[in-house]
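The exercises below are to be worked with the coordinates open, and each is followed by a solution that goes step by step.

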Amino acid sequence: MPHSFGLRARTRYLFSRDFRTKGPIKLSTYLKTYKVGDVVDIKANGAIHKGMPHKYYQGRTGIIYNVTKSAVGVIVNKRVGNRIIAKRINLRVEHIKHSHSRDDFLRRVKENTKKAGDARAKGEVANLKRQPVQPREAVFVKVTAKNAPETVNPVPYEALV
């Protein structure tokens with residue numbers, strides 16, 4: 001059982017760099033532009049100790065509320081007991097990345113706007129609801145001379161001693 005209760009206790013593998021991602025940090029990490037309102041994922045970089053989030057926030061998604069020279073402020077929801085508290089944490093840019101969680105939603109909004117406009121031009125009502133994946137269409141397999149049914153039997157067991 002572990003007996004240390006520090007900030008980074010039990011993070012041996014949590015904050016370790018992935019395979020083939022060790023070494024210096026890419027320059028593109030510092031060149032990304034973050035704006036207030038952007039949705040970001042928190043993924044701590046173990047090589048940079050400054051501005052590192054607590055282990056609880058690893059893998060969480062939040063919204064940027066403040067941008068400074070080398071860090072950003074992020075609002076993250078944290079469940080405490082039976083309530084959810086909006087926590088404000090400050091992180092350096094090495095520990096965050098733009099989230100792709102809203103990309104599909106935003107793409108769908110654009111498609112639905114276009115569909116609704118086209119339907120309105122035709123005088124119809126557009127059905128914009130998503131449908132679950134439907135079963136495949138039924139097909140009839142014709143038995144021909146080249147495709148005769150074949151009976152398959154199990155091979156009898158033989159002890160090879």
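**Exercise 1.** How much space lies in the largest pocket? Describe its lining as well.

*Solution.* The model is a predicted one, in which local features need pLDDT of at least 70, side-chain atom pairs count only at pLDDT 80 or more, and totals for chains, interfaces and linings use all residues. Residues are numbered from 1 along each chain as its sequence is written, and side-chain values use heavy atoms, with hydrogens and water left out.

A pocket is an open set of points on a 1 Å grid over the protein atoms alone, where a 1.4 Å probe fits and protein lies on both sides within 12 Å along at least five of seven lines. The largest pocket holds about 520 Å³, a volume being the space filled by probe spheres set on the points. Its lining (residues with an atom within 4 Å of a point) has 22 residues, and Arg 17, Thr 29, Lys 43, Asn 45 and Glu 94 are the closest to the centre. By class, the lining residues are six nonpolar, seven polar and nine charged, with Asp, Glu, Lys and Arg counted as charged, Ala, Val, Leu, Ile, Met, Phe, Trp, Tyr, Cys and Pro as nonpolar, and the others, Gly among them, as polar. At least two lining residues come from each of helix 1 (28-31) and strand 5 (96-98), where helices (H or I, at least four residues) and strands (E, at least two) are DSSP runs numbered from the N terminus.

**Exercise 2.** Is Ser 99 buried or exposed?

*Solution.* Ser 99 lies in the loop between strand 5 and helix 2 (103-122). Because its relative accessibility is 10%, Ser 99 counts as buried (under 20% relative accessible area, with exposed over 50% and partly exposed in between, for a 1.4 Å probe and protein chains only).
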